[in-house]
Amino acid sequence: MTSVYSTAEVFVPENPPKPMGYHLLVVMPKVQEATKGGVLLPTDTKTREDVASIIGKVVSVGEDAYPTDDPKFSKGPWCKEGDWVLLSKYSGHRFEYDNTEMRIVNDDSILATVSDPTRVSRAST
């Protein structure tokens, strides 16, 4: 499937919620109306991609995230504010804040960091 994210731009609302504890706040990019190649996405496809988004940008990190005394994070944090990250498709708590989709995810829910989110798409079934 062609990427449904044709831009690496996201809108971060003013004064977004602050994640507590070991959580991260991630903003999700809007799914585009058409693919990079110009193919218009049907509404049900766009909705499915919005719900099952797998890419997001870290807005903030909770104060207890990535504790150095946890062996999982012995090599340091898996991501930082401003990083594009790969998530499981239904991970975290989804919500909208100022008409912007966001998720609160656990610090160990990050699967990878991504340099170019426009190259990412969910594998077709």
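Does S60 count as buried or exposed, and at what relative accessibility? At 15% relative accessibility, S60 counts as buried (buried is under 20% relative accessible area, exposed over 50%, partly exposed in between, with a 1.4 Å probe and protein chains only). The model is predicted: local features need pLDDT of at least 70, side-chain atom pairs count only at pLDDT 80 or more, and totals for chains, interfaces and linings use all residues. Residues are numbered from 1 along each chain as its sequence is written, and side-chain values use heavy atoms, leaving out hydrogens and water.

S60 lies in strand β2, residues 55-61 (strands are DSSP runs of E, at least two residues, numbered from the N terminus). Contacts of S60 are P17, P19, L24, L25 and E81, with residues up to four places away in sequence not counted (contact means heavy atoms within 4.5 Å). Five of the seven residues of β2 are buried, so this strand is largely enclosed by the rest of the structure.

β2 pairs with two strands. With β1 (residues 23-27), the pairing is antiparallel over four bridges (two strands pair if DSSP finds at least two bridges between them). Here V26 stands opposite V58 of β2. With β3 (residues 84-86), β2 pairs in the antiparallel sense over three bridges. K57 has W84 of β3 as its bridge partner.

The open sheet holds six strands in the order β4-β5-β1-β2-β3-β6, with antiparallel pairing. β4 (93-97) and β6 (112-114) stand at the edges, each with a single partner strand, so one side of each lacks a neighbour in the sheet. β4 pairs with β5 (residues 100-106) in the antiparallel sense over five bridges. R94 has R103 of β5 as its bridge partner.
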